[in-house]
Amino acid sequence: MDFTTLDTLRTHHPAWRLLRSDHAPLVASFLNRVFVQPNVRVMAAADLAEALEDELYALRERLGEGSFPKSALDYLNDWAGPEKGWLRKFYARDSDEPQFDLTPATEKAIAWLGTLSERSFVGTESRLLTLFELLKQMSEGSEADPEKRIAELTKRRDEIDAEIARVLGGDVPLLDDTALKDRFQQFMQLARELLTDFREVEHNFRLLDRRVRERIALWEGAKGALLEEIMGERDAIADSDQGRSFRAFWDFLMSSRRQEELTDLLDRVLALPPVAELKPDARTRRVHYDWLEAGEHTQRTVAQLSQQLRRFLDDQAWLENRRIMDILHGIEAKALALREHQPTGEVMRIAESAAAVELPMERPLYTPPLKPVIADLELQAGDADLDADALYAQVVVDRAQLARHIRHALQDRSQVTLRELTELQPLTQGLAELVAYLQLGSDAFRTTLDENAPEVIVWETRASDGMAVRKAARLPRVIFVRER
């Protein structure tokens with residue numbers, strides 16, 4: 001918790017960036033409602049965009065049309081970008097539709113925001129008992145002396161026998177309402193934290209898979225040594241603390257007897273009057289099935305990563321596509337070198353993924369060119385001594401240079417106004433250059449108009465006597481928006 005570490009987290013950690021964002025209420029409330037509360041792990045881009053569009057429509061009705069100007073899909077792509085990192089955008093196997101999922105950092109931020117609300121009742125007894133029970137389990141579970149273990153078990157048996165005797169004698173101790181509420185709140189908190197942990201476990205498996213692929217991309221030794229190292233790494237996953245803990249949890253929850261026991265216990269607890277007064281969420285009754293669903297999703301992710309890795313190491317594909325693999329390895333190595341130190345500006349261009357459709361009937365018919373007939377005739381009327389320099393003193397606006405100026409201005413911001421563009425690079429061709437900006441806004445760039453905020457754009461020209469003349473144009477605010 002030193003200054004340097006916290007300053008780095010403030011700048012780079014997605015959870016902290018979310019809390020600092022101006023749109024944090026929208027992001028946190030929407031993602032909590034769509035992903036966290038219903039325990040949804042993956043959602044298609046079309047469904048998520050439709051839900052966000054409804055949310056934006058309601059907010060614009062209440063806050064005004066200009067409150068959230070971008071479309072829902074633009075916001076989702078922005079939240080999934082590397083500069084935000086609040087969503088994970090990926091393509092599922094055998095599907096060309098993008099999918100979205102929460103990142104562990106976003107779920108941590110949402111969970112922390114949930115702790116800020118005031119609670120009418122804060123229980124501490126159940127936490128102390130839980131801590132005490134954990135210490136007892138660790139102490140007894142690490143004791144190797146058989147005599148001490150037998151003594152502890154005998155003591156526990158005597159306590160159970162004494163409790164049985166008290167119950168038989170009519171002394172049946174019951175938990176009061178406060179104790180029941182305390183323990184139920186502790187149960188709900190641990191249940192939500194367990195669902196949150198699944199995304200982080202799955203994220204850790206993805207990071208491990210990425211490290212293995214990096215090692216393959218940069219490997220220069222023998223193939224057998226590479227396979228031995230990777231398979232040893234996979235064994236290390238299963239034998240790690242996280243792997244063993246997850247496997248023990250999964251084995252415990254997959255037992256049908258445990259599932260029936262959990263269902264019966266939940267029904268009995270939720271029927272208690274003190275617990276019913278807390279008005280628990282309806283999904284509490286099936287929280288163990290939510291655990292199963294989240295754990296199954298994590299299991300499928302690990303299995304899919306292993307299957308992809310096996311295909312990645314297939315001998316036959318390695319030999320048949322050796323040249324392609326060499327090219328891809330070169331690209332991967334360069335990409336890994338650029339990942340930590342990303343250059344500014346444009347790195348490379350990728351051609352469009354779809355071909356442009358041009359129908360034959362859309363093409364115009366052939367028109368023979370007209371050849372002008374120039375006759376060598378003497379001028380009968382008019383001024384033969386007219387100065388022809390005016391024919392060549394036309395204004396020529398470099399539209400390509402203006403387009404480069406717009407793209408450069410949009411590199412470090414999401415939108416820029418026409419007035420800001422002219423202030424960064426003053427108009428040199430006067431009104432003709434201003435018209436060229438407007439034409440680029442309709443042809444080559446995405447723009448929007450704000451009729452309620454007119455702007456005045458000023459430029460200077462030279463009169464015939466060489467004096468500077470200031471001219472101005474008044475028009476609605478024109479905003480150039482960066483494409484996502």
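Helices here are DSSP runs of H or I with at least four residues, and strands are runs of E with at least two, numbered from the N terminus. Good morning, everyone, and thanks for coming. With that convention, T422 sits in helix 18, residues 418–424, and I will come back to this residue at the end.

First, some housekeeping. What you see is a predicted model, where local features need pLDDT of at least 70 and side-chain atom pairs count only at pLDDT 80 or more, while totals for chains, interfaces and linings use all residues. Residues are numbered from 1 along each chain as its sequence is written, and side-chain values use heavy atoms, with hydrogens and water left out.

How confident is the predictor? On pLDDT, its confidence in each residue from 0 to 100, the protein has a mean of 77, and 79% of its residues reach 70 or more. Helix 5 has the highest confidence, at 90, and helix 15 (residues 315–320) the lowest, at a mean of 53. Where pLDDT is low, the predicted coordinates should not be read in detail.

Now to the largest nonpolar core. By that I mean a set of buried Ala, Val, Leu, Ile, Met, Phe, Trp, Tyr and Cys residues joined through side-chain atoms within 4.5 Å; buried is under 20% relative accessible area, exposed is over 50%, and partly exposed lies in between, with a 1.4 Å probe and protein chains only. This core has 28 residues, and L31, F35, L48, L52, L76, W79 and L87 touch the most other members. Helix 3 (24–36) is among the elements giving two or more residues, as are helix 4 (45–63) and helix 5 (72–80). Helix 3 provides the largest share, seven residues. Take L48: beyond four places in sequence, its contacts (heavy atoms within 4.5 Å) are F30, V34, F35, M43, L76, L87 and F100.

Helix 3 also packs against helix 6, at an angle of about 105 degrees and with the axes 10 Å apart. The axes are lines fitted to C-alpha atoms over the stretch in contact, and angles run from 0 to 180 degrees between N-to-C directions. Since 65 to 115 degrees counts as roughly perpendicular, helix 3 is roughly perpendicular to helix 6. At this contact, A28, L31, N32 and V36 of helix 3 meet T106, E107, I110 and L113 of helix 6.

Next, strand 3. Two strands pair if DSSP finds at least two bridges between them. Strand 2 (residues 87–91) runs antiparallel to strand 3, joined by five bridges; L87 stands opposite L102, and F90 has Q99 as its bridge partner. Strand 1 (residues 43–44) also pairs with strand 3 in the antiparallel sense, over two bridges, with M43 partnered by F100. Which way do the residues of strand 3 point? P98, F100 and L102 go one way, Q99 and D101 the other, and all are buried.

Beyond four places in sequence, T422 is in contact with L427, Y437 and I457.

Notes: pLDDT = per-residue confidence, 0-100. Parallel < 35°, antiparallel > 145°, perpendicular 65-115°, else oblique.
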